[in-house]
Amino acid sequence: MGRDPNRLSYLKELSVLFNGFSTYEASRALTKLLRQAHSLTTLVIANFDERFVIWDPHMMYALCDMTTLRTLHVYNASRMGMRALGALKSPIETLSVRSCHFEYNDVRPDIMDLAGSLQQPLVHYAALKDFELPPAPYIFPHVHTVHLWHCPHVGIDQVFTSFPNLKNIICVNIDPPGVLREENLLRQVPSGVWPQLAEFGGILWSLYNLAPRCRFRRLKIYDIEPGQLLLLRTVVGDHRPTHLELVNTKRVFGMDRVVNLSPASITHLSICMELEAQPNAPLDSFEMTLIRTALVDCIRTIPVVFLVLRFDIVRLNKPRPSSLFGTAGDLVYFDMPAFVIEAGRRCPSLHYVFVSIGEGVSRWSWKLSR
């Protein structure tokens, strides 16, 4: 590409890593690239700090002068690096800021400058102690998805004031149960705000504490722990979803007790379980029998039409990325055909069953006829 500068005009995505070995020549080359990449829409910058400008001050100007960027991801940003956000000429729609080691209030004015175009902000401040969403008149009218990560004291009124047209909320690491939920229950979403809510997802404690008390089409909950049945029942009752997705459910979680939820609204149920297995051996027969029985009991009183099951199999003593794949042999003791027949008998509304292992390499589906 360096031999033919004209090819730079076709570049759509670029990832940049600055480290202690970055050189003056590399910085000058990147400055030149940014000025010639007239079609660049996605830019990822790691170590977005003083090293970004120390070798070539013109690099920051080249970034700010670009008008084609729509997606920007920055990691390990410093205060100097974040100042560039306020000077960007590109109408950024998706912004991801991770691992910033300074207070949010110091950078808030820079992010506010993107309010006219921003549609999907993901702001993750690893060192942040007290996250404060901007009060009015700082409003992001085009944001449809907001990620609240490590925001311990966020109030639901701050969210609906700053993001009046949300469709999706993802929240992680909001304070453990306490006064925050009670405070948020007193600050309920006004009528007419968030008319097209689609998904509410995150860690169960966080969903419980944010407590928007709005109806979402899909409720997606990660890492349910033992003893959280009461929380799960409360959150499901708050939002009355038609689609309930439980991700990375622990083996020890009593799936049979979910029957106590009895949510009449749920028609689509998806459950992802992480299971351990010995190398070159199927999943334990006793455990598979318990899981099959628990799943049938789980859907017994829920009007489920679509049931999706995913088994992530972790092979002991094997690298994790390669351990999440499996074959039908791993589920030999689960007896999928027998499970489908029994589930259909116990749940008259059930019409479709989908089962997969890992990342979907092995998958099966059934359509039940009555």
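**Entry 1: the network.** I began with a linked group: Glu 199, Arg 218, Lys 220 and Glu 245 are joined in a network of salt bridges. I keep in mind that this is a predicted model. Searching the whole structure, I found twelve salt bridges.

**Entry 2: Glu 245 and Arg 218.** Next I looked up accessibility. Glu 245 has a relative accessible area of 17%, so I noted it as buried. Arg 218, at 25%, is partly exposed.

**Entry 3: Asp 335 and Arg 292.** Here I found the two side chains meeting in a salt bridge, 4.0 Å from N to O. Asp 335 lies in the loop between helix H11 (320-323) and helix H12 (336-346), while Arg 292 belongs to helix H10 (residues 285-299), so the pair ties together parts that are 43 residues apart in sequence. Asp 335 is partly exposed at 36% relative accessibility. Arg 292 comes out at 19%, and I wrote it down as buried because the limit is under 20%.

**Entry 4: Asp 312 and Arg 310.** Which side chain is buried here? I found that Asp 312 is, with 5% relative accessibility. Arg 310 counts as partly exposed at 24%.

Key:
Residues are numbered from 1 along each chain as its sequence is written. This is a predicted model: local features need pLDDT of at least 70, side-chain atom pairs count only at pLDDT 80 or more; totals for chains, interfaces and linings use all residues. Side-chain values use heavy atoms; hydrogens and water are left out. Buried means under 20% relative accessible area, exposed over 50%, partly exposed in between (1.4 Å probe, protein chains only). Helices (H or I, at least four residues) and strands (E, at least two) are DSSP runs, numbered from the N terminus.
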